[in-house]
Amino acid sequence: MSLAGKKIILGVTGGIAAYKAAELCRLLVKAGAGVRVAMTEAACQFVTPLTFQALSGQPVLRSVWANDAADGMAHIHASREADLILVAPASADFLARLAQGRADDLLATLCLARTCPLAVAPAMNREMWAAAPTQRNVQQLAADGVRIYGPASGKQACGETGPGRMLEPAELLAALADATGAGVLAGLRVLVTAGPTFEPIDPVRGLTNRSSGKMGYAIAQAATEAGATVCLVSGPTCLATPAGVRRVDVVTAADMHAAVLAEGRQDVFIAVAAVADYRVEGVAPHKIKKSAADLQLNLVANPDILADIAARPDAPFCVGFAAETEHLAEQAEAKRRRKKLPLLVGNLAQDTLGSDAAELILFDDHGQHPLPRADKLTLARQLIRHLVPLMNR
Ligand code: C5P
């Protein structure tokens, strides 16, 4: 993982995970980045600035008033020179200040005065993370283009278990390599299908699959972050298009098939959509009237978009999904072989449908790789990192 020549401001705020930021600082320096650490006063209660000064080889930025620049504009210069600011850990209080655009300490001011991308790695007690104001602030920050890394789920310093742990330093390092342009998919074209399809019965009724589209949208976002040019072919969902992604809306499986073919040659195809396997033969032109008699619908098979693309002589690297309700491993591996896929992602339908989090198992030629329960964006980033070495083989 190289960050050679990259200038990174590592913001540290007050939380027990601040001790992990010391290891992160060490990893960043080892990866070749020039690191300038900025600490809030609360952070200094957990780890001393001297630790970060020793690890980064530079004085720590702490106060707006201790301004060592000749023009007194250190708060602006520091972030102007940076390729990225990462705040890790980002406390609930800091996220709130950031969401409000406050400039009440040096780190907040650096974030406000920046021209470079900003990423945050939240870390806090699980109730603080779940609290409505925190979730509101996180949504606002995401809408403002701030990258949110984590939090992970697990045992917390307070003794409770749940989401709120800072991502591990190695995971943050990998995410940063993507965010600073050294992305693992730089220069590649990636096509993602997401959401359900809707197969009409008549003008007001139809058949569909249960799918929120959240996993596919998260994968499109993770692929963009990794430097790819991403097209998202989406069935009907209520989700916002991730920044930087081009979205093509479709309704039926036939539309989705046509839209995927129309995109032309790709490097990677990730089929996340829950495509309806059948459509109704002879869609009624007018609303079918209710009667006491039973109604028979004749269903005809839809094209298998993924199998079609995977069978092409110039096939991109194809990734399939399998949401099963039982016997996940056998079903998923059988599906991978049937569709001739180098990588298939399996999950339990009852565990993931509509949820913001999931637990996945990746199936490839080397066997099974479980990804423990996490939010879908974290899983999507892990999936992207997993597929790159398989592509190059
Ligand atoms: O065969 P099954 O539907 O279980 O396989 C699921 C995988 O195949 C998913 O990746 C899904 O997006 C893809 N698929 C497809 N076109 C279909 C059916 C499934 O691309 N008609």
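Select P89 to begin: its place is in strand β3 (residues 84-90). Strands here are DSSP runs of E with at least two residues, helices are runs of H or I with at least four, and both are numbered from the N terminus. The peptide bond from A88 to P89 is cis, with omega near 0°. Residues are numbered from 1 along each chain as its sequence is written. The model is predicted, so local features need pLDDT of at least 70 and side-chain atom pairs count only at pLDDT 80 or more, while totals for chains, interfaces and linings use all residues; side-chain values use heavy atoms, with hydrogens and water left out.

Next, select G150 and P151. A cis peptide bond joins these two residues, and omega is about 5°. P151 sits in the loop between β5 and β6.

**The largest pocket**

Now select V138, A142, Q221, D375 and L377. Of the 38 residues that line the largest pocket, these lie nearest its centre. A pocket is found on a 1 Å grid over the protein atoms alone, as an open set of points with protein on both sides within 12 Å along at least five of seven lines; a cavity is a set of points where a 1.4 Å probe fits but cannot get out; lining residues of either have an atom within 4 Å of a point. The largest pocket holds about 1,500 Å³ of space. Such a volume is the space filled by probe spheres set on the points, and grid points are joined across faces, edges and corners.

Colour α10 (214-225) and α15 (376-391), which are among the elements that each supply at least two residues of this pocket's lining. Helix α10 gives the largest share, six residues. By residue type, the lining has 20 nonpolar, 10 polar and eight charged members. Nonpolar means Ala, Val, Leu, Ile, Met, Phe, Trp, Tyr, Cys and Pro; charged means Asp, Glu, Lys and Arg; the others, Gly among them, are polar. The domain bounds come from an automatic or database domain assignment.

**The cavity**

Select Y149, L167, E171, A175, T378, R381, Q382 and R385, which line the largest cavity. A search of the whole structure finds one cavity of 30 Å³ or more. The volume of the largest cavity is about 50 Å³. Helices α9 (169-179) and α15 each supply at least two of its lining residues, and α15 gives the largest share, four. The lining divides into three nonpolar, two polar and three charged residues. Domain 1 and domain 2 both contribute to this lining, so the largest cavity lies between them.

**The second largest pocket**

Move to V272, A273, A274, V275 and F321. They lie nearest the centre of the second largest pocket, which is lined by 45 residues. Its volume is about 1,000 Å³. Strand β16 (residues 317-324) gives the most to the lining, with five residues. The lining comprises 23 nonpolar, 13 polar and nine charged residues.

**The ligand**

Select the ligand and the 13 residues around it, of which A271, A273, P303, F321 and K335 come nearest. A residue counts as near when one of its heavy atoms lies within 4 Å of the molecule. Which residues place polar backbone atoms by the ligand? A273 has one 2.7 Å from a ligand oxygen atom. A backbone N or O atom of F321 is 2.8 Å from an oxygen atom of the ligand. At I305, a polar backbone atom is 3.0 Å from a nitrogen atom of the ligand. On its own the ligand has 440 Å² of accessible area, and the protein covers 87% of this. Accessible areas come from the Shrake-Rupley method with a 1.4 Å probe.

**Last stop**

Finish at H327, in the loop between β16 and α13 (328-338). Phi of H327 is near 45°, a positive value in a residue other than glycine.

Notes. A polar contact is a pair of N or O atoms within 3.5 Å; within protein, one must be able to donate a hydrogen and the other to accept it, and residues adjacent in sequence count only if both atoms are side-chain atoms.
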